[in-house]
Amino acid sequence: MPRVLFTSPECRAVVLDLREGEELGDHRVRERAVVEVVAGRVSIECSGETADCDTGTLVTFDPGEQHKVRALADARLLLILAPWPALKHNSRAENDHDQHLPANAVAEPVPPSDEAAEQST
């Protein structure tokens with residue numbers, strides 16, 4: 001379930017948690033999309049190419065660019081959409097609903113992985 005962290009006319013920040021094997025099938029958004037792999041590992045397919053992306057990878061998509069994301073392991077993604085919403089993104093009813101979303105929200109912190117916890121001890 002996506003969690004909105006921040007919404008403004010300039011951008012929207014969303015956290016997505018995917019379990020291993022889950023995917024965001026072929027889709028596109030009207031905004032420029034910036035995706036950071038905050039934790040875990042995903043496979044991203046775009047323009048006929050596929051890349052396996054580890055924690056820390058940052059990927060950008062042009063407005064309207066079709067792509068697919070699949071979790072190779074449990075993963076947390078930070079998605080930035082800008083500007084928010086893009087022209088003709090939503091119907092009028094959806095735009096009215098978006099105005100009622102909280103401007104700021106907090107996601108739970110990413111729990112440390114077993115590997116990170118071992119390195120810190």
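Mentor: Start with the salt bridge: a side-chain nitrogen of Lys or Arg within 4 Å of a carboxyl oxygen of Asp or Glu. In this predicted model, Arg3, Asp17 and Arg76 are linked in a network of such bridges.

Trainee: What makes the contact of Asp17 with Arg3 a salt bridge?

Mentor: The N to O distance is 2.9 Å. The cut-off is 4 Å, between a nitrogen of Lys or Arg and a carboxyl oxygen of Asp or Glu, so the pair qualifies. Asp17 sits in strand 2 (residues 12–18) and Arg3 in strand 1 (residues 3–7), 14 residues apart.

Trainee: Why is Asp17 called partly exposed?

Mentor: Its relative accessibility is 31%. Buried means under 20% and exposed means over 50%, so a value in between is partly exposed. Arg3, at 26%, gets that label by the rule too.

Trainee: How do you know that Asp74 and Arg19 form a salt bridge?

Mentor: The closest N and O atoms are 3.4 Å apart. That is within 4 Å, so the pair counts. Asp74 lies in the loop between strand 8 (67–71) and strand 9 (75–82), while Arg19 lies in the loop between strand 2 and strand 3 (23–27). The two parts are 55 residues apart in sequence, so the bridge ties them together.

Trainee: What makes Arg41 and Asp54 a salt bridge?

Mentor: Their closest N and O atoms are 2.8 Å apart. Arg41 belongs to strand 5 (residues 41–46), Asp54 to strand 6 (residues 49–54), and 13 residues separate the two. Arg41 is partly exposed at 35%, and Asp54 is partly exposed at 41%.

Trainee: How many salt bridges does the rule give?

Mentor: The count comes to 6.

Trainee: Now the fold. What pattern does the protein follow along the sequence?

Mentor: It reads β-β-β-β-β-β-β-β-β-α-α. That is 9 strands and 2 helices. Of the 121 residues, 28% count as buried, which means a relative accessible area under 20%.

Trainee: What share of contacts join residues at least 24 apart?

Mentor: Among contacts between residues at least 6 apart in sequence, 71%. The accessible surface comes to about 7,900 Å², and carbon and sulfur atoms hold 52% of that area.

Trainee: What lines the largest pocket?

Mentor: The lining has 17 residues, and the closest to the centre are Pro2, Val14, Leu16, Leu79 and Leu81. The volume of this pocket is about 310 Å³. Strand 2, strand 3, strand 4 (32–39), strand 8 and strand 9 each supply at least two lining residues.

Trainee: How does the lining of the largest pocket divide into nonpolar, polar and charged?

Mentor: 13 residues are nonpolar, 3 polar and 1 charged. Pro, Val and Leu count as nonpolar, so Pro2, Val14, Leu16, Leu79 and Leu81 carry that label.

Trainee: Why is Pro9 called exposed?

Mentor: Its relative accessible area is 64%. The cut-off is over 50%, so the label holds. Pro9 lies in the loop between strand 1 and strand 2.

Trainee: What does Pro9 touch, leaving out residues up to four places away in sequence?

Mentor: Pro83 and Trp84. Contact needs heavy atoms within 4.5 Å, so each must meet that limit. Pro9 and Ala82 are 73 residues apart in sequence, yet 8.3 Å apart in space, C-alpha to C-alpha.

Trainee: Which peptide bond is this, cis or trans, from Ala82 to Pro83?

Mentor: Cis, with omega near -15°. Most peptide bonds are trans. Pro83 is in the loop between strand 9 and helix 1 (92–98).

Terms used. Residues are numbered from 1 along each chain as its sequence is written. This is a predicted model: local features need pLDDT of at least 70, side-chain atom pairs count only at pLDDT 80 or more; totals for chains, interfaces and linings use all residues. Side-chain values use heavy atoms; hydrogens and water are left out. Helices (H or I, at least four residues) and strands (E, at least two) are DSSP runs, numbered from the N terminus. Buried means under 20% relative accessible area, exposed over 50%, partly exposed in between (1.4 Å probe, protein chains only). On a 1 Å grid over the protein atoms alone, a cavity is a set of points where a 1.4 Å probe fits but cannot get out, and a pocket is an open set with protein on both sides within 12 Å along at least five of seven lines; lining residues have an atom within 4 Å of a point. Grid points are joined across faces, edges and corners, and a volume is the space filled by probe spheres set on the points. Accessible areas come from the Shrake-Rupley method with a 1.4 Å probe; for residues, only the protein chains shown count as cover.
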